[in-house]
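My notes go from the whole chain to single residues.

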Amino acid sequence: MRFIFVDAENIGLKEVEAISASISDKVLVFSKNDAVKEVCERKLFLYISSYPTGSNQADFYIIGNLVGMIASLTKQQRDICQFVLYSQDNSLVTAFAFQCKLHKLKHSIALESKAQIQAQPKPQVIEPKKTVQNLEQRVYEQFKTEQTTESVRKKLKQPKSDFTKALNVLIKANKIQRVSKSKKTWGRANRM
């Protein structure tokens, strides 16, 4: 026989719905949520909401019920029972495991605690390197053909300040220059 304690305030409705229990299991769900109550009625789980509202009140009540249940069992019943906790609250998991070990009971924690989940190394996503051209490279590419700087700026849809900076870098590096026949058009320096 299993005694399943569910901290629904911590794990939420979806996890409560996912719990599968046999007819001989006793499932105690601690929550003040009406949707959780409906799931408990449908699945024949014991819905417990009679604890005070506030921080950790459900946790205290879970441990209190655990200790009370342990005290009511005979030695033979303790040997054949297993206590299961559904919670990701680190403090509650620690207190639950402590009580079960103290009384030498078989127990398990059905879900990983939030600390364990956070401690797991996240899979590294290696993004393929994109050939991102900086603005200077994009400007330089435009000057394959002779044209005005303003037409290039409009094609690249760049603000004047950013475009002028990139253009000045290319001029200083002698990559582009004015075409001799017209002072308004520019081209690559190596074409001249």
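Below are my entries, in the order in which I looked things up.

**Entry 1: ground rules.** I am working with a predicted model, in which local features need pLDDT of at least 70 and side-chain atom pairs count only at pLDDT 80 or more, while totals for chains, interfaces and linings use all residues. Residues are numbered from 1 along each chain as its sequence is written, and side-chain values use heavy atoms, with hydrogens and water left out.

**Entry 2: the whole chain.** I counted ten helices and eight strands in the chain, where helices (H or I, at least four residues) and strands (E, at least two) are DSSP runs numbered from the N terminus. Of the 192 residues in the chain, 35% are buried; I take buried as under 20% relative accessible area, exposed as over 50%, and partly exposed as in between (1.4 Å probe, protein chains only). The chain exposes about 12500 Å², and carbon and sulfur atoms supply 52% of that area, with accessible areas coming from the Shrake-Rupley method with a 1.4 Å probe and, for residues, only the protein chains shown counting as cover. Among contacts with a separation of 6 or more, 51% come from residues 24 or more positions apart, contact meaning heavy atoms within 4.5 Å.

**Entry 3: strand 4 and its partners.** I asked which strands pair with strand 4, and in which sense. Strand 1 (residues 2–7) pairs with strand 4 in the parallel sense over five bridges, and strand 5 (residues 106–109) pairs with strand 4, also in the parallel sense, over four bridges; two strands pair if DSSP finds at least two bridges between them. Four of the five residues of strand 4 (residues 82–86) are buried, so the strand is largely enclosed by the rest of the structure.

Entry 4: I then traced an open sheet of three strands, which has the order 6-8-7 and antiparallel pairing. Strand 6 (147–148) and strand 7 stand at the edges with a single partner strand each, so one side of each is left without a neighbour in the sheet. Strand 6 and strand 8 (residues 185–188) pair over two bridges in the antiparallel sense, and Gln147 stands opposite Trp186 in strand 8.

**Entry 5: helix 10.** Helix 10 (residues 160–172) has 13 residues and reaches 18 Å from its first C-alpha to its last, close to the 18 Å expected, the expected span being 1.5 Å times one less than the number of residues. Which of the residues in helix 10 are buried? I found Phe163, Ala166, Leu167 and Leu170 to be buried. Seen down the axis of helix 10, the buried residues fall within an arc of 100°, so they line one face of the helix; the arc is that of the directions from the helix axis to the C-beta atoms. An α-helix has 3.6 residues a turn, so residues three or four places apart point the same way. The buried residues of helix 10 pack against helix 8 (135–142), helix 9 (149–156) and strand 7 (176–178), whereas Lys165 and Lys172 are exposed on the other side of helix 10. Helix 10 is followed by Asn174, whose phi is positive, near 55°.

**Entry 6: two loop residues with positive phi.** Leu44, in the loop between helix 3 (34–43) and strand 3 (46–48), has a phi near 60°, a positive value in a residue other than glycine. At 72% relative accessibility, Leu44 counts as exposed. Lys104, in the loop between helix 6 and strand 5, has a positive phi near 55° and is exposed, with a relative accessible area of 75%.

**Entry 7: two buried residues.** Is Ser31 buried or exposed? Ser31, found in the loop between strand 2 (26–30) and helix 3, counts as buried at 2% relative accessibility. Leaving aside neighbours within four places in sequence, Ser31 is in contact with Ala8, Glu9, Val36, Tyr47, Ile48, Ser49 and Tyr51. Asp59, in helix 4 (residues 57–72), is buried with a relative accessible area of 10%, and with neighbours within four places again left aside, Asp59 is in contact with Asp7, Asp89 and Leu92.
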